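Hello,

Here is the structure we talked about, for you to open and look through. My notes on it follow below.

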Amino acid sequence: PGFYKTAMADLETLRTKINNLGEEIKTLKSSPDAAENKDKITKLIADLLESKKQFSDLNNGIGVDGKPYEAPLSKAEKKKKAKAEKAAAAAAAGGGQKDGQTKNSENAAKKAAKKAEAKAKRNAYKEGKAVPTPSADKKAQNEKKTDKPTNKQKPKRQQQQSANTLKPFELAFNPNVGVATRFSPVVALSVAVLCNVAPDLTLTANHKRAECSMGTCGASGVAVSGDVAIARYIASVASPGSGKKELILGSSPEEAALVDMWVTYSTEMRGSEGDDTAVIASRIEAVARTIEGQLLAQNTTYLTGHRLCLADLCMFASLGFSDEVCMPHISSDLVQTLRWVKQMSSNVALMEAHQLALSIGSSSGNEVKSELDPLVEGMNPLEGGLPGRVVTRFPPEPSGYLHIGHAKAVLLNDYYARRYQGRLIVRFDDTNPSKEKEEFQNAIIDDLKTLGVVPDMVTHTSSYFGAIRMFAIQLIEQGLAFMDDTPQEKMQAERMAREDSIHRNQSVEEAKRLFDIMCAGKPEGAVWCLRAKIDMQSVNGTMRDPVLYRQNLTPHHMTGTQYKAYPTYDLACPIVDSIEGVTHALRTTEYNDRDEQYAWIQNACDLRRVRIHAFSRLNFINTELSKRKLTWFVENGIVSGWDDARFPTVRGVTRRGLNVQALRKFMYSQGASRRVVLMEWNKFWAENKKEIDVSAKRFMAIAADPKEHCVLKITNYASIYDASTPHFVSADVHPRNPSMGKRVMKLNDTVILEKGDMDGVAVGEDIVLLKWGVVKISSIQVSDDGETRVEGEFLPDGDVRKTKRYFTWLATDSDENVRRTSTTPCTVFEFDNLISKDKLEEGEDFKDFLNPNTMASSDIIGDAGLKMLQHNEVIQLERRGYYRVDRPYISSAKPLILYMIPDGKAKAMGGLVGKLAHR
């Protein structure tokens, strides 16, 4: 237990585990296979209860819900406890609890009285007498029941929330109030954006609130209410010493007093919900003329000088905080006011604040610009997203090929960039030369083309190594970073134990000297690394002095040997995001703990803050997405390469038959969720089937092995068709889209059928040959070697709608040249999961769960039209399934190669059984 507590000392790690276990249990319980997963659910519940107990043990008896921990009770124990609490409550009220014998006697008496009264009523009704009235005792009881306090006697409900219900920097307001009203937090949001702290705010919709409120970061947990009060608080606590408070609230007593004067006036002039048009117009005109007089008298850009301050924000709010609202009501002779309004409405910070105030309702209708496309189903608007100003980025590390998880990240980034008419940056995070190769970089660019993603910029973190090094030196000079030579294992133990490094308090001069030695590539610098000096006592492990820089003498694939030390991703990412103008960094929820560190680095380097938008990581059953583990499969020959159809790489799934449009729809449907769940592949492939079915041409094919097909002889063929000339039947290549053309199939008196289709067919039964007609079976013979021969009579007037059995078929001929021209030899491949277990538990080695049978091939004979198929075409072999052309037909020696595409169903199309499990 002592070792376990040491290893799991971080409460946040346990909290994450508890949340994930809870979500997994919910998912399993709600799935159709809940009964089959009963043992797994029981095991997960036991793990969940044990984790909760460990959390409380490490947290001085306080559970993960913030309440004193109580061990879970059984149903019987819960019932007994509830009964005891009820009895105690009754006793506390003075009534006590009557003994069981007395209570039973009273119940029996009441029951007998009710029966007697009912009997008297029935007898009176039969004799035509009046129905008896309730007894005096009954009347007294009824009167007693109605003797209840009225609503007016009830204590009034507390209308205002207590202060401690809001977390620090949680800003709650009613999304139904207009931005132009005094109850909107638009001024506070503007100050937050101007002070570069808007990403720190948690915006919460609360329909019960009359005015906006925000939790403070003080120990008392006091909440501040009112737009202007919140704005003043944000300006006061944002970046102490940066001068932002003075810029917003005034740099001198005189200027501060002037600001207060305008704030007081604007508060009186801000509108209320329900104001009619005449009132709004009158108010705007009065405010506009007041502004005009001030600007003319002072000859300044803004109300109190030549810089924007709280006075301007409040007065703009009194005009509706939008040029579209106020401009129609401002006279054209108020030139200075019109200039000031245009200047305010075009300020990017104020535009972002306006969007934040509107988007709290989380609907695409609450957005500043109406020209944006409606949000696709499953996606949420970007917080603070402005048309034409959104910049997203996808930062892959060029150390492997893109997999299905990367595809979700890049498609979401691409979607938001295009919807908001912004830009997408693809930035190669090449900070570790030991793992990166130009081969992987080129492969990623090709994969992006496959996904239909065209970035607006392609950059490299290595292009900013010089700038990042300067920021690292800046952190050292500010006393926010130090050099450390603590061995990695000891450093990890110290961080878990929250113990300071012995070098934490080294001088700035010493840290700079050692940093230069490390960056010069000197041997004595190899043991040193640069660490941030943040908070070793933080509950967030990522804030315990993380490593920012390390020496690495491996030549870089882009910069060669120019640099001898490289920044970590944790340092480089927030710096380059800010420099490149990224507005929204989309990150998976596994980075949640690192978000605080990300913000710390941008604040410490005095960089523009970037807003983080979290989404859940994509996980699939029976699948590994770790680059290290995927590399093992390739290097050990388990798969043929990174484009193997069994691989979860972008190349692998597209080679197996994934449609990119289906991939986009699936990713968008998952995009907004932050719940980490284990997805099943069948949902993924079912979405894919919807897309490919629309354009998949139809063909027929039969097993080539004589033991797997049977021969049908049509005995009356010669009497119906002229044997001297060939005959054909044509059909649409797609039954729901005739415009796609026709396919032609040759007829003959001998055809081959799937042997499995003949199971259960009796002599005298009718069958349907698809696209041809009805045949009545007259004879079925099975030879000693297992071959089946069938005879039947073709019925020209047969009704296919009254026949239950439908067969695919191919005409065969004794002439080899005829067979060669009328059929196409094919090899079809089926695939299965590489991992046999749905989900690997912690500590389990994926190598112990390798599936021995993951690929199988079969030879088939298909329509002549299959010879015309091109590489990557997707087709349907009727009653077999969907296939992608991996290699077109070249010759009989190099036949057509088809890869079977999963359709998300439990059983194969037409009931035909393949060599592997159907997916």
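**What was found**

Leaving aside residues up to four places away in sequence, Ser184 touches Val177, Gly178, Val179, Cys212, Asp227, Arg270 and Ala357. Please keep in mind that this is a predicted model. Ser184 lies in the loop between strand 1 (170–173) and helix 7. Is Ser184 buried or exposed? Its relative accessible area is 2%, so Ser184 is buried.

**The protein as a whole**

The protein has 28 helices and 31 strands. Of its 919 residues, 46% are buried. Among the contacts with a separation of 6 or more, 71% are between residues 24 or more positions apart. There are zero disulfides in the structure. Cys195 is buried, at a relative accessible area of 1%. Cys573 is also counted as buried, and its relative accessibility is 3%.

Two packed helices are described by the angle between their axes and the distance between the axes. The pairs below are set out in that way.

Start with helix 7 (residues 186–194), which is paired with helix 15 (residues 348–359). Their axes come within 8 Å and cross at roughly 130°. That angle makes helix 7 oblique to helix 15. The crossing of helix 7 and helix 15 is right-handed. On the side of helix 7, the residues in contact are Val186, Leu189, Ser190, Val193 and Leu194. On the side of helix 15, they are Ala349, Leu350, Glu352, Ala353, His354, Leu356 and Ala357. Sorted by class, this contact of helix 7 with helix 15 has nine nonpolar, two polar and one charged residues.

Next, take helix 10 (residues 253–269) and helix 12 (residues 310–318), whose axes come within 8 Å and cross at roughly 15°. How is helix 10 oriented to helix 12? The angle makes helix 10 roughly parallel to helix 12, because angles under 35 degrees count as roughly parallel. Helix 10 passes helix 12 in a left-handed crossing. Helix 10 brings Val259, Trp262, Val263, Tyr265, Ser266 and Met269 to the contact, and helix 12 brings Leu310, Ala311, Cys314, Met315 and Ser318. The residues in the contact of helix 10 with helix 12 divide into nine nonpolar, two polar and no charged.

The remaining pair here is helix 18 (residues 465–477) and helix 20 (residues 508–519). Their axes come within 9 Å and cross at roughly 155°. Helix 18 and helix 20 are therefore roughly antiparallel to each other, as angles over 145 degrees are counted that way. The crossing in which helix 18 passes helix 20 is right-handed. From helix 18, Arg469, Ala472, Ile473, Ile476 and Glu477 make the contact, and from helix 20, Val508, Ala511, Lys512, Phe515, Asp516 and Cys519 do. By class, the contact of helix 18 with helix 20 has seven nonpolar, no polar and four charged residues.

**Lys512 in helix 20**

Lys512 is a residue of helix 20. Which residues does Lys512 touch, not counting those up to four places away in sequence? They are Ile473, Ile476 and Glu477. Lys512 and Ile473 are 39 residues apart along the chain, and their C-alpha atoms are separated by 7.1 Å. With a relative accessibility of 31%, Lys512 counts as partly exposed.

Most residues other than glycine have a negative phi.

Gln421 sits in the loop between helix 16 (404–419) and strand 6 (423–428). Gln421 is partly exposed, with a relative accessible area of 42%.

Is Arg879 buried or exposed? At a relative accessibility of 17%, Arg879 counts as buried, because the cut-off for buried is under 20%.

Regards

How values were computed:
Residues numbered from 1 in each chain as written. Predicted model: local features only at pLDDT ≥ 70, side-chain atom pairs only at ≥ 80, totals over all residues. Heavy atoms only, no water. Axes fitted to C-alpha atoms, helices over the stretch in contact; angles between N-to-C directions. Helix = DSSP H or I, 4+ residues; strand = E, 2+ residues; numbered from the N terminus. Parallel < 35°, antiparallel > 145°, perpendicular 65-115°, else oblique. Left-handed = near helix turned anticlockwise from the far one by under 90°. Contact = heavy atoms within 4.5 Å. Nonpolar A, V, L, I, M, F, W, Y, C, P; charged D, E, K, R; others polar. Buried < 20%, exposed > 50% of the residue type's maximum accessible area, 1.4 Å probe, protein only. Disulfide = S-S within 2.5 Å.
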